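Work through these exercises with the sequence and the structure side by side. Try each task before you read its solution.

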Amino acid sequence: MSLYEHRVLFLTVTWILAFLVASPALSRLLVFPRTEFFTELWILDSNHRVDDYPFNVTRNQDYSVFLGIGNRLGYCAYYLVEVKFRNQTQPAPTSFGPPANRTPSSLPALFNITAFVADETVWETPLTFSFDYGYNEILSRVEFYSLTLNNVKVDMSDYTITWDSEKRGFFGYLFFELWIFNAATNSSQYHERSVGLRLNMTVY
Amino acid sequence: MLRKAFSVLTFVFMLLFAAASQFFVSVTVAESSEDEAASALASAEGAVVSAYQAVLKADEAGANVSGLLVRLNEAGELLTHARMAYRLGDFDSALDFAVRSRERLNGFVVEADALRGAAMQEHYWDFMVNVAGSIVGAVCVVCGGIVVRFLLKRKHERTGSMVK
């Protein structure tokens, strides 16, 4: 058998062997790069589902939800979640549209949650909350006294909700704004994401 | 008579002074407690930021930071409680939570730096063996193939075989 007859076979075997030996390096070099870097933020109901969120709220009754964050930023992130409450007329945060137009609500935070989440992992925490409020018949509005969130009682004496004659209810929004710590500037900035619960405060 | 009135007046003044001093002492204690809590809170916040930056560097170096993140989340939760207690005016609890948060991070940066060093070392050897080593190996295989083919060709030419 001459070398000429087996030249193709010889070259094929040489190249296959070379590729096999180079495969550890190729596996690192031929990886499709990640192009999308983002954070997920969600609320799930007490059964870890999306079909039984608290809506009709009774005074001093406990309600449970799960708050979750999924980190797809490519690095370990330091998140802050600001828990806020607003009525129909107060400013809401914006999470959609051009990035420059996404702003947090100007309302003060009632509660802060800190979370450190590694890349490609999720973080989730149970939240149990209840509202203490009363109905002012003269002014026809709901007046809040406090919010209890995970056994921490927060003063809400400045908060009121007036009757919504169109939708027929006293509607409030408990919402969660996501902020992220920027290591370069050593400060937290709004991460352009928020989720919330629309609540009907029942008075009878 | 005058002497009796004077002694009563002195007694009243002494009582007033004692009451006033107690009030001022309690105000001063409250202020120092608030200052102490604020200082502990600022210190705990600084410790959390330093710890996060150390974790970030270790993570960038490819270290497994999951254990560190558990501790950091615990410290963060304590810091959250400290902030809330401070806002509610419960300075003793704020101080307690802030101190506990800081204690949770004792030796944290050193540990993160050690993990980072180990990860960098591991990364270096991984690069040397799996990237540089395999590229050099592949080049050797190709060169070896060329040399073998050249030697076989020469051998065939010597023996008179027709090798093209």
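**Exercise 1. Find how β2(A) and strand β11 of chain A pair, and over how many bridges.**

Step 1. Locate β11(A) at residues 187-201 and β2(A) at 56-57. Strands here are DSSP runs of E with at least two residues, and helices are runs of H or I with at least four, numbered from the N terminus.

Step 2. Apply the pairing rule: DSSP must find at least two bridges between two strands. β2(A) and β11(A) pair in the parallel sense over two bridges.

Step 3. Pick out one position. A:Val57 stands opposite A:Met201 in β11(A).

This model is predicted: local features need pLDDT of at least 70, side-chain atom pairs count only at pLDDT 80 or more, and totals for chains, interfaces and linings use all residues. Residues are numbered from 1 along each chain as its sequence is written, while chains are lettered from A and ligands numbered from 1 in the order in which they are written.

**Exercise 2. Explain why one side of β2 and of β5 of chain A is left without a neighbour in the sheet.**

Step 1. Write down the strand order. The open sheet has five strands, β2-β11-β10-β4-β5 (chain A), with mixed pairing.

Step 2. Look at the edges. β2 and β5 of chain A stand there with a single partner strand each, so one side of each has no neighbour in the sheet.

**Exercise 3. Describe the side of chain A that touches chain B.**

Step 1. Count the residues in contact (C-beta atoms, placed from the backbone, within 7 Å). They are 27 in chain A and 35 in chain B.

Step 2. Name the elements. α1 (7-29) and β5 (111-117) of chain A each supply at least two residues of this side. The largest share, ten residues, comes from α1(A).

**Exercise 4. Which residues of α3(B) are buried?**

Step 1. Set the limit: a buried residue has 20 or more other C-beta atoms within 10 Å of its own, with C-beta atoms placed from the backbone.

Step 2. Find α3 of chain B at residues 91-104. Its buried residues are B:Phe91, B:Ala94, B:Leu95, B:Phe97, B:Ala98, B:Ser101, B:Arg102 and B:Arg104.

Step 3. Follow some of them to B:Ala82. Leaving aside neighbours within four places in sequence, the contacts of B:Ala82 include B:Ala94, B:Phe97, B:Ala98 and B:Ser101.

Step 4. Chain B has four helices and zero strands, and 27% of its 164 residues count as buried.

Conventions
Expected span 1.5 Å × (residues − 1). Buried ≥ 20, exposed ≤ 12 C-beta atoms within 10 Å, placed from the backbone. Contact = placed C-beta atoms within 7 Å. Nonpolar A, V, L, I, M, F, W, Y, C, P; charged D, E, K, R; others polar.
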